[in-house]
Amino acid sequence: MALWPFKKKVSTLADAGLMQGLTDWHSHILPGVDDGIPDMEKSLETLREYERMGVRRVWLTPHIMEDYDNETSALRSRFAELQAEWKGGVELRLGAENMLDSLFEDRLAARDFLPVGDEGSHLLVETSYFSPPMNFDDLIDEIQAAGYHVLLAHPERYRYMDETDYNRLKERGVDFQLNFMSTVGMYGETARKKAAWLLKEGMANAVGSDVHRLGSLQKMLATAPKSRDVLQGVLELARQPRLS
């Protein structure tokens, strides 16, 4: 870790400038398409707050899953509507968070995806919090064979995963996207400890808010850092992701 950069006491994550220059790799700001921001007005309010905080770029990554079987064409259309309304300086990018379920297998067969990353080379994927897909390893192989890198959303939140699982997935070339809300315990103590361990071991590749409501992000920024090493690790990834 780099030396602690702050000469004065940092009492909140906002004090630390967490969002300054950030690329947010995971958000649910695209309005009215999943369980995230419900309408255009709230999306624009959230983006204005992002701009005030100094965010540079945000990936809009709505759910694609059996519960929200969003068509990529419909998401592109909604994204165009948001782009037409947004007049600020935060750069908007469209991707998706793909649940590894039967719908995903259909999309994989059709190569029908909204990837993330400047080269469009990463698929942001998630699993159930309680158990992996029966064919998890096969899906990883198929995604990679299709020419994509696997970017696993919020690995610290999966209750079935432990250090052995993280090491195995790393050996298979999977990148990890950490939720920075996890680092202050907003998903519970177990997720917080896992997030701290992933940062300590240098396993996290990118960070994101996973924001569904502006209030939760504001609550997080008003929270005190739990560890200066963890905060420093998040700050480094916020400004310089380490994707494959």
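This is a predicted model: local features need pLDDT of at least 70, side-chain atom pairs count only at pLDDT 80 or more; totals for chains, interfaces and linings use all residues.
## Sheet architecture

The model contains an open sheet of 6 strands. Read across the sheet, the order is S3-S5-S6-S7-S8-S9, and the pairing is parallel. The edge positions are taken by strand S3 (63-64) and strand S9 (206-208). Each of these has a single partner strand, so one side of S3 and one side of S9 remain without a neighbour in the sheet.

Within this order, strand S7 (residues 149-153) and strand S8 (residues 175-179) run parallel and are joined by 3 bridges.

## Ends of helix H5

Helix H5 spans residues 163-171, and its N-terminal end is capped by Asp 162. The capping geometry places a side-chain oxygen of Asp 162 at 3.1 Å from the backbone nitrogen of Thr 164. After the helix comes Gly 173, which has a positive phi near 90°.

Two residues other than glycine are described here. Arg 111 has a positive phi, near 55°. Arg 111 belongs to the loop that connects helix H3 (102-110) with strand S6 (122-126).

Asp 210 is located in the loop between S9 and helix H7 (214-221). The relative accessibility of Asp 210 is 5%, so the residue counts as buried, the criterion for which is a value under 20%.

The structure holds 1 cavity of 30 Å³ or more. The volume of the largest cavity is about 60 Å³. Its lining includes Leu 13 and Leu 18, together with Phe 180, Thr 183 and Val 184. Met 220, Pro 225, Lys 226 and Ser 227 also line the largest cavity, as do Val 230, Leu 231 and Val 234.

By residue class, the lining of the largest cavity comprises 9 nonpolar, 2 polar and 1 charged. Helix H8 (residues 228-239) makes the greatest contribution to this lining, with 3 residues.

Technical notes. Residues are numbered from 1 along each chain as its sequence is written. Side-chain values use heavy atoms; hydrogens and water are left out. A polar contact is a pair of N or O atoms within 3.5 Å; within protein, one must be able to donate a hydrogen and the other to accept it, and residues adjacent in sequence count only if both atoms are side-chain atoms. Helices (H or I, at least four residues) and strands (E, at least two) are DSSP runs, numbered from the N terminus. Two strands pair if DSSP finds at least two bridges between them. On a 1 Å grid over the protein atoms alone, a cavity is a set of points where a 1.4 Å probe fits but cannot get out, and a pocket is an open set with protein on both sides within 12 Å along at least five of seven lines; lining residues have an atom within 4 Å of a point. Grid points are joined across faces, edges and corners, and a volume is the space filled by probe spheres set on the points. Ala, Val, Leu, Ile, Met, Phe, Trp, Tyr, Cys and Pro count as nonpolar, Asp, Glu, Lys and Arg as charged, and the others, Gly among them, as polar. Buried means under 20% relative accessible area, exposed over 50%, partly exposed in between (1.4 Å probe, protein chains only).
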